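Dear colleague,

Please find the structure below, handed over together with notes on what turned up in it.

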Amino acid sequence: MASLKSLIISYITLLSLFHFEFSNAVKGGYWSPDNGLKASDIDSTLFTHLFCAFANLNLQTYQLTISPGCQTFPRTIRQKNSGVMALLSIGGGSAKSSDYNNMASQPSSRKAFIDSSISLATSNGYNGLDLDWEQQSKTEEMDHLATLLTEWRAAIKAQAPNLILTAALHFRPMANSVATFPAKAISDNLDWVNVMAYDFYAPGYGPPPYFTRPHAALNDPTGAKVSGSDGINAWIKAGVPANKLVLGVPFYGHAWTLASSNNNGIMAPATGNQNTYVPEGTPSYTQIKKFISQNGAKVVYNSSYVAYYCFSGTTWIAYDDTQAIATKVAYAKNTASLLGYFAWQINQDLNWALSTKASQTWGS
Ligand SMILES: *[C@@H]1O[C@H](CO)[C@@H](O)[C@H](O)[C@H]1NC(C)=O
């Protein structure tokens with residue numbers, strides 16, 4: 001009897017260990033120190049992992065520098081949620097791919113970068129590091145990325161084995177027709193990938209003619225395979241398992257100027273971007289909700305794309321509201337069995353509406 005009892009106990013212990021290991025979902029969000037929201041005002045109870053964006057590369061030394069906001073971030077967000085994980089995100093959309101490629105092309109600069117990343121993370125209380133090297137377009141960049149990730153993981157194992165290592169990557173493993181991301185090095189060396197499932201279309205991308213499009217649709221009913229779910233399927237097919245993929249959702253939109261206010265659906269002719277709200281034509285969710293209420297804009301949710309748009313006059317904005325966020329998070333959890341979701345960026349939420357919807361939809 002005693003041995004049966006102890007067998008049962010060890011079985012239960014094993015199960016709970018197993019459960020702990022695999023219930024470690026990611027409810028992520030990126031925060032920028034320079035975009036209105038103070039770190040002390042973040043409702044960190046809505047997240048499991050928060051990313052401070054961004055550490056920058058010094059082009060002489062190839063070491064990283066961080067602003068005071070990222071230095072105090074881990075301590076600040078743990079005041080409301082002692083268990084939240086802080087990750088230091090490196091690079092970002094405005095960093096140049098060629099700078100990261102130069103760093104990653106030489107052993108000495110890779111070492112300078114890696115050592116400084118680990119030392120910045122550990123000295124400021126971070127739980128992990130996140131690489132946001134974006135806009136790769138050449139095969140050599142992909143080769144250098146693979147080498148960087150391999151050496152980075154080895155250095156973490158040796159110097160700070162508890163550090164998480166992630167990267168925010170393109171929505172699909174093909175950057176273009178020549179450059180494909182190194183799926184094996186990614187899968188072997190990263191804890192997970194933040195899949196940037198947004199910015200598929202914007203009025204400023206490429207030459208005219210312009211047409212309105214959802215910029216972050218979960219599905220692509222046109223069959224062109226430009227969508228979040230198509231990207232996730234392609235990553236899995238390339239060899240990165242679903243439990244290492246985290247789906248990105250945008251807390252901002254892309255704004256077009258319609259050619260005619262009477263033609264205002266998806267694929268309506270447009271003249272370019274609409275930059276009344278922000279110069280780049282990418283209004284935050286907060287700005288979009290204000291635009292809707294101030295102008296009585298019409299709001300449409302398209303459940304085939306899983307996308308919202310709103311328009312008033314000749315302003316047309318593609319964005320995600322709560323139903324799109326909930327549908328994407330439910331897809332991530334239940335349909336695709338992904339590790340989790342993340343938001344870019346939490347500064348842009350309005351009264352935590354999207355963050356709350358996402359967290360509640362995922363559940364615990
Ligand atoms: C979504 O948009 C497409 C293109 O405009 C349209 O054909 C389709 O009927 C819409 N679906 C829904 C559910 O509104």
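Searching the whole structure, which is a predicted model, turns up 1 disulfide, taken as a pair of cysteine sulfur atoms within 2.5 Å. C52 and C70 form this bond with their sulfur atoms 2.2 Å apart, and because the torsion about their S-S bond is about -95 degrees, the disulfide is left-handed. The pair links distant parts of the chain, 18 residues apart, with C52 in strand β2 (residues 49-57) and C70 in helix α2 (residues 68-77); helices (H or I, at least four residues) and strands (E, at least two) are DSSP runs numbered from the N terminus.

A polar side-chain atom of N302 lies 2.2 Å from an oxygen atom of the ligand, while one of S304 lies 3.2 Å from a ligand nitrogen atom. Of the 360 Å² of accessible area that the ligand has on its own, the protein covers 43% (Shrake-Rupley method, 1.4 Å probe).

Residues are numbered from 1 along each chain as its sequence is written. In this predicted model local features need pLDDT of at least 70 and side-chain atom pairs count only at pLDDT 80 or more, whereas totals for chains, interfaces and linings use all residues, and side-chain values use heavy atoms, with hydrogens and water left out.

Best regards

Notes
A polar contact is a pair of N or O atoms within 3.5 Å; within protein, one must be able to donate a hydrogen and the other to accept it, and residues adjacent in sequence count only if both atoms are side-chain atoms.
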